Amino acid sequence: MFKKCRIPKIPSILLWLATPAISFWLLETLTHSVAKDMEFPLIALNLVFYYLLYGLILVISKRSFVSLGLGSLLVMIIGLVDYYVIQFRSVPLYPWDILSVKTAMSVSDNYNYSLDKDARMLVLGFVLLIIIGIFTSWKLPFKNPQYHLLSVLSVVGLFVLYGTSVQMPTVHEAVGFYEYHFTPNAFYQMNGFAVSFISNMQYLDVSKPADYSMEKVQEILEPYIEASEKNEAGEVDSTYPNVIVIMNEAFSDPAVLGDFETNIDYMPFIRSLSENTVKGRLMVSVKGGNTANSEYEFLTGNSMAFLPSGSVPYQQYIRGEMPSVASQLKNLGYETFSIHPYRANGWNRNKVYEYFGFDTSYFKESFTGAPILREYTTDLATYQKIVDIYTAKTPGQPMFVFDVTMQNHSSYSKEYDNFTPDVEVLGSNGSAKLLERYLSLIKVSDEAFSQLVGYFSQVDEPTVILMFGDHQPADWVVSPIYRMNGVEDTNSWSESMERYEVPFVLWANYDIDEEAVREEISYDFSEYDIFSVNYLSTMLFEAAGLPMSPFQQYMKDIMKDYPVLTANMFLDSEGVYFGVNMTQSLPEKLKDYAILNYNLLFDAKHRKDEWYTR
């Protein structure tokens, strides 16, 4: 019966010739309009990949029904994964995301996997391709095993040639390749998924910067080595304050994206802080996810600007002990603690925190019975852990606590019995439900922070508390703000920049010279008064009066020239924007910074840790 339903040979060949092109169109249309976004040369370059994919399966199996059925299934799965990654994280799928599968699965049950009407129709198109393909009857006439093997190797060779060509600047120039990684969605939409993904594979390996050598590293840091304060490792100074740093999950102020009104203030306490307080704006390298990259930039002082777009150092590059804020404070006599009320292996934190020099780490198992909001441990529960650490320590022994919260983690699409949003976006006509849930969570974070500050305002030991956001929420959460402000082009320079802005607040329970600290971090250029998170730990040491390493002294200087250095953009002190392009030449000062970044992250064999931790 099944054989009688087979499609004849000639129609089968014609279907095989059409299917790769149709699957290309279906995959791309899941996330954007091919006709609107892509030029013909890049469409053609992408099509080559699909024909090679289907062709490889064909020559291996020798049967069209295997090629069309399996090929279309693979393309559909890839397309859906990319679709959901964009929905949940607001950026496309990168090659190194494969390393993040375990972390992604740990929070996968918290998302809504429904498809909109258009996406359902496209998935139906894939299903039809698979079903029709299964009934084709074309067979390749390979009877000689040697010819069969030769054909397979030939297609594999063409695949390798294709992958190499897609990464070549000459090919990019010939097809009009969109080079700017600053807008990752536009990068994938204009270049096509296959070409973008394969092009990014060249960044899986990070090459040494030009002119890299230990002599060059020492030459760069030499002026700062003698100027650095020399403190013996393990020496305790009773004047050192306790240092508490909170990287608050998805903490941001969406008002930077456009005007909107709410029924109540969602950040009243933080807005009210003024005495012994420094507040400001940070630029981060990620939005909607990849939290660990903001951690990496804060704890090391390195910048994601010199690493492949979308990469995650915690998973890809950190394989042993590495200088960090934790080890630096440990050398000054601090006890060091990390807190993250979720799974220890997320982003390899359990290993990385040990490599960074944390004495004690608290993960999800340390919060059994702690208060839950939606499905996550509350900010307040982690703050109680900080209080417990403080009350248990030896009086006069300075502590450093690094708390990565979880309360505000996406998604915001579900309803919960233990969470009733109380922030309303006025004038949204019910179209801002996700935004309202998000803002209600931010309000809970603000209330919890007020309790933490209230507690340490009553203790005798000097204490500094720094809180900052790791990233803004995904695009679909904040899109109502753009609609209410009539913004259509969210890939423009100004709109894209604002999507990477988060607040920070530093408070101390003793008198600090706020103006002096502000002078260190304030830049009067263009309309921007902002710096990137790689400089934040240097600012913290400045505010807390802690001795800086040669690297941090260097960071103070380079910050004056390039206050914003992220995976997406550089801004100099005049407000001039440098688009990030892995192939473009860097200004000399940034070449030096790239050399120090490489030394710290990749050259442990020759690195002198005292340059980064003394």
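**Exercise 1.** How much space lies in the second largest cavity? Describe its lining.

*Solution.* 
Step 1. The model is predicted. In it, the count of cavities of 30 Å³ or more comes to three.
Step 2. The second largest cavity holds about 110 Å³ of space.
Step 3. Its lining consists of 16 residues. Those that lie nearest the centre are Thr300, Gln328, Phe551, Gln552 and Tyr612.
Step 4. Sort the lining of this cavity by residue class: nine residues are polar, seven are nonpolar and none is charged.
Step 5. Assign the lining to helices. At least two residues each come from H13 (291-300), H15 (325-331), H22 (536-544) and H23 (550-561). H23 gives the most to this lining, namely three residues.

**Exercise 2.** Which residues of the largest nonpolar core touch the most other members? State also which helix supplies its largest share.

*Solution.* 
Step 1. The largest nonpolar core has 81 residues. Phe298, Tyr314, Phe400, Phe402 and Leu536 touch the most other members.
Step 2. Helix H24 (residues 588-602) provides the largest share of this core, eight residues.
Step 3. For background, nonpolar side chains in soluble globular proteins tend to be buried together.

**Exercise 3.** Which residues does Phe298 touch, not counting residues up to four places away in sequence?

*Solution.* 
Step 1. Leave out residues up to four places away from Phe298 in sequence.
Step 2. Phe298 then touches Val245, Val325, Phe402, Leu466, Phe468, Val533, Leu536, Ser537 and Leu540.

Methods
Residues are numbered from 1 along each chain as its sequence is written. This is a predicted model: local features need pLDDT of at least 70, side-chain atom pairs count only at pLDDT 80 or more; totals for chains, interfaces and linings use all residues. Side-chain values use heavy atoms; hydrogens and water are left out. On a 1 Å grid over the protein atoms alone, a cavity is a set of points where a 1.4 Å probe fits but cannot get out, and a pocket is an open set with protein on both sides within 12 Å along at least five of seven lines; lining residues have an atom within 4 Å of a point. Grid points are joined across faces, edges and corners, and a volume is the space filled by probe spheres set on the points. Helices (H or I, at least four residues) and strands (E, at least two) are DSSP runs, numbered from the N terminus. Ala, Val, Leu, Ile, Met, Phe, Trp, Tyr, Cys and Pro count as nonpolar, Asp, Glu, Lys and Arg as charged, and the others, Gly among them, as polar. A nonpolar core is a set of buried Ala, Val, Leu, Ile, Met, Phe, Trp, Tyr and Cys residues joined through side-chain atoms within 4.5 Å. Buried means under 20% relative accessible area, exposed over 50%, partly exposed in between (1.4 Å probe, protein chains only). Contact means heavy atoms within 4.5 Å.
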